[in-house]
Amino acid sequence: MEKRIAVILAYEPDESMTETVRKAYESGFLVVAVDDGSGSEYAHIFDSVKEFAHVLSYPQNHGKGYALKTAFKYILENFSGDFIIVTMDCDGQHRVSDAQRVCAESESKGGELVIGSRKQSADSPLRSRFGNSVTRMVFKIVTGCGVYDTQSGLRSFGSSMLERIAQIEGERYEFEMNVLMELGRAGEPIHEIPIETIYIDNNSGSHFNPIKDSAIIYKEILKFSASSFTGFLVDYAMYSLLVALLGTNFVVVANILARVVSSTVNFTINKKLVFRSDEKLVKSAVKYFTLAACILICNTALLYLLTNVLKMGVFIAKILVEICLFIISWIVQRRVVFRKKAREKA
């Protein structure tokens, strides 16, 4: 068995944290506990766990992602050799026995990411069921990777992944989603094993805000949508201008020229701002414009069908065609064009 390190995060914890940390320590974990700016009135709780854990603290609350990165930085600087990390909550919602199981599974998978997956039921809190269902669906569409419990904080992975994960963007709840998206886009394995589903006091102690934090989680998706909408505006403006100048007999020509301009704009925004791809420009461009050519062929064929066969208005037809092809373009760009490569194992 490899050395195991439990990272336990806490913001304004109750007395149950002491029991959680003690059990983890007695089960053989080296424990790193993080006080995410809980304040002086909670100092006695963190003092009570210092005999079982390395306690890291700072005065102001920064969020879950920041707390995790604080622990990861400490581990990188103070631990050597191979080890397995597990992240878990402080309030007893994650059993130490389940933490041991996800660690064992990660060890058996060579340090790959393993998630403790909670099965939702009618007895689960509504916001937990709703949040998981929506996030699961969007995550599958965006990455092509199926993860049942995207919001589980019980996760385990090997030391070989630590530095990479610590560099992923995100300061609050979006960090955990960004980790999944980073690995999912790269085609790296994400494993799940079932764990006991525990919600203490109907999960009332959770600091997850389903509206505020969901908006943060989907920020990258919104950036992609904004980029696509910008490309659409450029495309539609050029299309309308060219139709006005050349006449309705040149709809196909106007559509091709407009798409060339808008594709260039969209590629630049997606590479530099949305996906921040470090792949060579030429390679990304070849994949992107191959996709753009395929989309253009479909776009033009559908536009011709609607305007010349079905006699639909040229401007309404353009909007309908763009809506039909938007999701296809989105998925292919995420999974193929700007997909990040899986890193080779040492």
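Glutamate 12 is found in the loop between strand S1 and helix H1 (16-26); helices (H or I, at least four residues) and strands (E, at least two) are DSSP runs, numbered from the N terminus. Its phi is positive, about 55 degrees, although glutamate 12 is not a glycine. Most residues other than glycine have a negative phi. At 33% relative accessibility, glutamate 12 counts as partly exposed, a class lying between buried (under 20% relative accessible area) and exposed (over 50%), with a 1.4 Å probe and protein chains only. Lysine 311, in the loop between helix H11 (281-309) and helix H12 (314-337), also has a positive phi, near 60 degrees. Lysine 311 is exposed, because its relative accessible area is 64%.

The model is predicted: local features need pLDDT of at least 70 and side-chain atom pairs count only at pLDDT 80 or more, while totals for chains, interfaces and linings use all residues. Residues are numbered from 1 along each chain as its sequence is written, and side-chain values use heavy atoms, with hydrogens and water left out.

Of the 8 residues of S1, 7 are buried, so the strand is largely enclosed by the rest of the structure. S1 runs parallel to S4, to which 7 bridges join it; two strands pair if DSSP finds at least two bridges between them. In this pairing isoleucine 8 has methionine 88 of S4 as its bridge partner. S1 also pairs with S2 in the parallel sense, over 6 bridges, and here alanine 6 has valine 31 of S2 as its bridge partner.

Strand S4 (residues 83-89) contains threonine 87. This residue counts as buried because its relative accessibility is 6%. A polar atom of the threonine 87 side chain lies 2.8 Å from the backbone oxygen of glycine 153. Apart from neighbours within four places in sequence, threonine 87 is in contact (heavy atoms within 4.5 Å) with Val7, Leu68, Phe72, Gly153, Leu154 and Arg155.

Strand S5 (residues 113-117) is mostly covered, with 5 of its 5 residues buried. In a regular strand the side chains alternate between the two faces of the sheet. From S5, Leu113, Ile115 and Ser117 point one way and Val114 and Gly116 the other, and all are buried. S5 pairs with strand S7 (residues 190-194) in the parallel sense over 5 bridges, and glycine 116 stands opposite isoleucine 193 in S7. S5 is also joined to strand S6 (residues 155-158), by 2 bridges, and these two run antiparallel. There, isoleucine 115 stands opposite arginine 155 of S6.

The nonpolar cores come next. Such a core is a set of buried Ala, Val, Leu, Ile, Met, Phe, Trp, Tyr and Cys residues joined through side-chain atoms within 4.5 Å. The largest has 34 residues, of which Val7, Val32, Phe72, Ile75, Ile85, Phe157 and Ile190 touch the most other members. At least two residues of this core are supplied by each of strand S1 (3-10), strand S2 (30-36), strand S3 (53-58), helix H3 (64-78), S4, S5, helix H6 (162-166) and helix H7 (174-185). A second, separate core of 27 residues includes Ala24, Val31, Val86 and Leu154. Not counting residues up to four places away in sequence, isoleucine 190 touches Leu113, Ile115, Cys145, Val147, Leu180, Leu183 and Gly184.

A search of the whole structure finds 2 cavities of 30 Å³ or more. On a 1 Å grid over the protein atoms alone, a cavity is a set of points where a 1.4 Å probe fits but cannot get out, and lining residues have an atom within 4 Å of a point. Grid points are joined across faces, edges and corners, and a volume is the space filled by probe spheres set on the points. The largest cavity has a volume of about 80 Å³. Its lining consists of Leu68, Phe72, Thr87, Leu113, Arg155, Phe157, Ile165, Phe175, Glu176 and Val179. H3, S6 and H7 each supply at least two of the lining residues, and H7 gives the most, with 3 residues.

Helix H7 is also the place of glutamate 182. This glutamate is buried, because its relative accessible area is 14%. Glutamate 182 and isoleucine 165 are 17 residues apart in sequence and 8.9 Å apart in space, C-alpha to C-alpha.

Conventions. A polar contact is a pair of N or O atoms within 3.5 Å; within protein, one must be able to donate a hydrogen and the other to accept it, and residues adjacent in sequence count only if both atoms are side-chain atoms. On a 1 Å grid over the protein atoms alone, a cavity is a set of points where a 1.4 Å probe fits but cannot get out, and a pocket is an open set with protein on both sides within 12 Å along at least five of seven lines; lining residues have an atom within 4 Å of a point.
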